[in-house]
Amino acid sequence: MNQYAREAWYPLAWSRDVGRNLITRRVLEDDLVVYRTEGGAVAALEDACPHRLAPLSIGRLLGDTVECGYHGLTFDCDGRCTHAPGMPRPPASARVRSFPTAESMGMVWVWMGDPLAADRAAVFHLPAYDDPAYSVIEGDALPVQASYLSLADNLCDPTHVAFVHPTTLASTGREETRVQHERQGNKVVTWRWVIDGPLIPVFQGLKDFGGNVDRWHYYHYHAPSIAVIDFGSARTGTGAPEGNREDCIQMYACHFITPVDERTCVQHWLVLKNSPADPAVDDRLRAGFRHAFDEDKRVLEAIQRNEDKPREWQRVRLALDASSMKMRGIVEEMAAGSTPASTR
Amino acid sequence: MNQYAREAWYPLAWSRDVGRNLITRRVLEDDLVVYRTEGGAVAALEDACPHRLAPLSIGRLLGDTVECGYHGLTFDCDGRCTHAPGMPRPPASARVRSFPTAESMGMVWVWMGDPLAADRAAVFHLPAYDDPAYSVIEGDALPVQASYLSLADNLCDPTHVAFVHPTTLASTGREETRVQHERQGNKVVTWRWVIDGPLIPVFQGLKDFGGNVDRWHYYHYHAPSIAVIDFGSARTGTGAPEGNREDCIQMYACHFITPVDERTCVQHWLVLKNSPADPAVDDRLRAGFRHAFDEDKRVLEAIQRNEDKPREWQRVRLALDASSMKMRGIVEEMAAGSTPASTR
Amino acid sequence: MNQYAREAWYPLAWSRDVGRNLITRRVLEDDLVVYRTEGGAVAALEDACPHRLAPLSIGRLLGDTVECGYHGLTFDCDGRCTHAPGMPRPPASARVRSFPTAESMGMVWVWMGDPLAADRAAVFHLPAYDDPAYSVIEGDALPVQASYLSLADNLCDPTHVAFVHPTTLASTGREETRVQHERQGNKVVTWRWVIDGPLIPVFQGLKDFGGNVDRWHYYHYHAPSIAVIDFGSARTGTGAPEGNREDCIQMYACHFITPVDERTCVQHWLVLKNSPADPAVDDRLRAGFRHAFDEDKRVLEAIQRNEDKPREWQRVRLALDASSMKMRGIVEEMAAGSTPASTR
């Protein structure tokens with residue numbers, strides 16, 4: 001029953017969506033009630049009063065505590081019952097699970113495993129997020145009716161781009177250049193270079209290279225549920241593959257995936273780019289990424305519907321599956337407890 | 001498999017909703033077709049023709065019989081087949097279950113157990129319903145997506161009022177006075193007095209007591225599915241707790257619950273009050289009760305969704321659970337057949 | 001697990017609905033992607049790429065092949081993979097099931113059994129379809145949320161007409177004349193004559209017989225899923241029962257049923273009549289048939305909802321069930337493989 005790697009930090013909600021009211025999120029099949037304390041910390045409790053199972057989220061936030069909407073049992077941020085109406089003191093057994101949280105990159109993260117093992121220093125953070133050379137394009141919390149592992153497959157896989165995203169992320173030519181991959185700890189990196197080709201559609205208009213470019217696509221998948229896609233272009237012949245990227249377009253597409261249950265996930269995404277914020281440009285880029293991620297969603301949800309059918313399928317494995325197989329292997333190790341989680 | 005107490009009279013439909021047409025109701029997971037005969041009695045038959053299982057409710061009412069809409073098999077009020085097209089006489093095995101019915105308090109009641117055990121004298125009736133000192137505020141048939149036992153818990157429990165109904169049924173203060181309860185046969189009575197407090201919101205404007213009141217709340221739960229809440233107020237210090245209620249507001253909130261299935265019920269309710277009918281006042285009161293019962297529905301349906309989750313819950317019991325535990329015990333006894341039903 | 005007779009030609013889609021785009025149909029719980037090749041033949045493939053299970057229907061039609069919308073695997077009409085991106089040649093195991101098809105009576109038919117056993121000469125065809133004395137009233141593809149066998153019962157049964165179709169297909173009188181039936185190979189014929197009665201409503205206005213008619217109703221059910229109802233009228237006393245039908249109204253109502261799953265089917269229907277096409281008349285007839293078939297749908301879907309309930313039913317058999325029981329027996333033989341399918 002180790003279907004999920006519980007000992008990990010998972011994206012819970014965008015920081016901008018958590019405030020002084022009770023909201024709910026579902027992570028690894030657990031329903032949580034989430035709120036910000038008066039001091040600004042984020043509390044995440046199991047969303048069920050242990051008395052009659054009323055969701056705490058239909059109760060009231062009182063200071064830093066939550067009062068159940070049925071009989072008024074009150075719980076603090078640690079899940080301890082501080083008040084039980086009609087009783088001199090609450091029963092010792094009256095408590096709800098509390099989940100450690102942390103914030104990084106505009107995201108609230110939640111630790112779903114043993115609270116004592118939660119290490120806030122291990123929460124994912126991309127240095128470019130704090131680098132003034134980069135600006136942030138805030139994205140969405142896109143619900144996907146598919147297994148988070150199926151979305152993860154997609155985010156270890158540069159080869160689908162030509163077929164799924166022909167008008168946004170792919171160049172017009174066939175993309176037959178070799179894909180490489182490598183496991184690095186709990187991360188799988190999958191990459192491809194396209195030498196001397198046209199700009200991809202979403203990059204057009206951002207910079208004039210006066211000709212073809214060399215393009216890179218590095219898919220960093222941090223098991224179990226974070227992907228960072230480092231992709232960019234520099235004028236061909238200027239040595240980008242060798243490391244000279246002084247005059248380039250570079251972006252990091254960050255995907256923070258919340259596994260909701262076995263067939264549902266939420267794809268939180270943002271994009272960093274190495275140029276200043278510009279509302280008009282950023283809106284255009286955001287629209288392009290939305291379009292592309294909706295294309296993935298459509299494919300992944302259709303796959304899920306086939307996977308849900310009660311039948312045996314004869315499956316074929318292709319060369320391109322190697323990196324996602326490796327990624328799934330790491331998740332299985334983590335779920336089995338044989339690999340400690342480290343996302344930093 | 002004695003999940004329901006079948007040997008009992010259950011509310012089926014408001015009398016005003018049963019006439020010379022075929023309607024359907026679902027009780028204890030049985031679908032019934034219901035109609036009034038030419039003589040005014042109420043017939044309740046299983047809603048499935050034993051030939052091909054077409055619901056009889058999509059057929060026609062012919063006199064006091066129902067003709068199946070598929071092949072014309074015809075059944076009388078007792079479920080006997082009186083005509084089978086193309087056959088000289090109907091097969092002896094062609095019959096549908098027929099359920100005894102009775103009417104009381106504007107409600108049609110149905111006996112779901114052995115028809116020979118149905119005792120119409122045992123159908124629930126509150127004497128105040130016929131007392132000219134009381135007028136009736138007709139209520140609704142409110143569908144609730146929750147177990148009828150969860151609604152029953154709610155109707156054995158004065159303590160939830162302060163948290164669920166702060167603007168209608170609760171006074172502004174904390175309600176910490178002691179709750180008492182007692183089993184009386186198949187009934188559990190749970191009660192609380194509040195001495196020298198303000199009127200509750202729905203009572204305001206009905207009578208001017210010139211000051212604080214003593215309030216009583218007696219929750220009479222007749223297992224398996226009837227609740228009568230006797231609640232009222234008299235000027236404080238005039239001896240209401242000792243029995244002097246000459247100048248008081250008194251109401252009986254009657255809840256007749258139809259268990260539809262394990263997670264669905266219908267809450268039929270009406271309220272009796274000790275003052276003459278007055279359309280404007282009654283409409284205001286009806287709106288107040290509707291608001292309050294919708295508040296319960298919201299809580300109970302949220303609880304049901306948690307209970308439906310495939311997981312083990314650690315539950316806490318509080319002192320206030322004692323009477324509902326007793327009520328559930330009686331229902332279990334009745335379902336096991338060890339306690340005969342008597343609701344009068 | 002021989003719940004379906006797989007070795008049979010089943011209706012897949014109206015020929016008019018299959019062209020140079022990818023559509024989907026579900027037959028015997030298999031999802032198929034369907035398209036017409038450049039040469040005009042109909043291809044039907046399993047709608048799941050064997051790589052990641054993406055439905056091929058969300059890919060692209062390229063010539064006579066289908067390209068998967070996820071990674072570009074390409075399959076020909078026979079289900080062979082002709083291209084796998086990034087690989088010198090596709091893996092031998094990369095193939096999808098391909099289903100033989102044929103066209104007859106404006107319908108595409110699909111063979112769901114062993115492709116080697118598919119005999120296009122056995123596809124159903126009614127000679128009147130090509131007879132210039134008959135014109136075609138094109139019907140619909142009516143989805144019915146009921147077992148195809150329940151619809152088949154209905155199409156072996158003249159006796160339901162008086163109860164389900166009183167305003168379209170039934171005369172006003174009670175229809176107590178005797179029904180006869182006979183098995184002929186994989187077909188069951190069920191028939192009834194009504195002598196010296198009024199015209200049925202849908203026939204009114206088509207021809208003036210100056211008085212009563214003799215009416216015939218022959219229900220030809222070709223197991224597993226084709227019904228042809230030959231019904232007509234001639235002036236009474238002119239010898240229609242003995243074979244003289246020179247001056248008559250005659251129609252063939254053809255029902256081609258696609259079993260989708262155990263509780264869903266699609267009723268494809270058309271009607272042939274022995275008079276020239278006339279748009280106004282044909283539109284009126286089409287509306288009448290639609291009305292009648294919707295009446296059946298309502299009954300059959302209500303029956304299905306009862307059959308879906310988790311309970312044991314006491315069922316009664318009537319004389320009229322004999323032919324549908326025989327029909328179901330043939331389907332069972334075919335499903336068990338003991339009776340070869342032959343629909344011609």
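Me: Which residue of chain B comes closest to the rotation axis?
Reply: The model is a predicted one, and distance to the axis is taken at the C-alpha atom. At 12 Å from the rotation axis, the residue of chain B that comes closest is B:P310.

Me: What relation is there between chain B and chain A?
Reply: Chain B is superposed on chain A by a rotation of 120 degrees, with 0.1 Å of shift along the axis. The RMSD of this superposition is 0.0 Å. The relation is therefore that of a three-fold axis.

Me: Which residues of chain B lose the most area to chain A?
Reply: Contact involves 29 residues of chain B and 26 residues of chain A. The area buried between the two chains is about 2300 Å², and carbon and sulfur atoms give 56% of that area. On the side of chain B, 26% of what is buried comes from three residues together, namely B:F163, B:V316 and B:L318.

Me: Which residue of chain A does the side chain of B:K309 meet in a salt bridge?
Reply: Across the interface of chain B and chain A there are 4 salt bridges. One of them has an N to O distance of 2.4 Å and joins the side chain of B:K309 to that of A:D31.

Me: Which element gives the largest share of the side of chain B that touches chain A?
Reply: Between chain B and chain A, 12 residue pairs are in polar contact. Helices α1 (148-154), α2 (161-164) and α3 (279-307) of chain B each supply at least two residues of the side that touches chain A. The largest share, 7 residues, comes from α3(B).

Conventions
Residues are numbered from 1 along each chain as its sequence is written. Chains are lettered from A and ligands numbered from 1 in the order in which they are written. This is a predicted model: local features need pLDDT of at least 70, side-chain atom pairs count only at pLDDT 80 or more; totals for chains, interfaces and linings use all residues. Side-chain values use heavy atoms; hydrogens and water are left out. Contact means heavy atoms within 4.5 Å. Buried area is the accessible area (1.4 Å probe) that two parts lose on being put together, summed over both. A polar contact is a pair of N or O atoms within 3.5 Å; within protein, one must be able to donate a hydrogen and the other to accept it, and residues adjacent in sequence count only if both atoms are side-chain atoms. Helices (H or I, at least four residues) and strands (E, at least two) are DSSP runs, numbered from the N terminus. Copies are superposed by least squares on the C-alpha atoms of residues with pLDDT of at least 70 in both.
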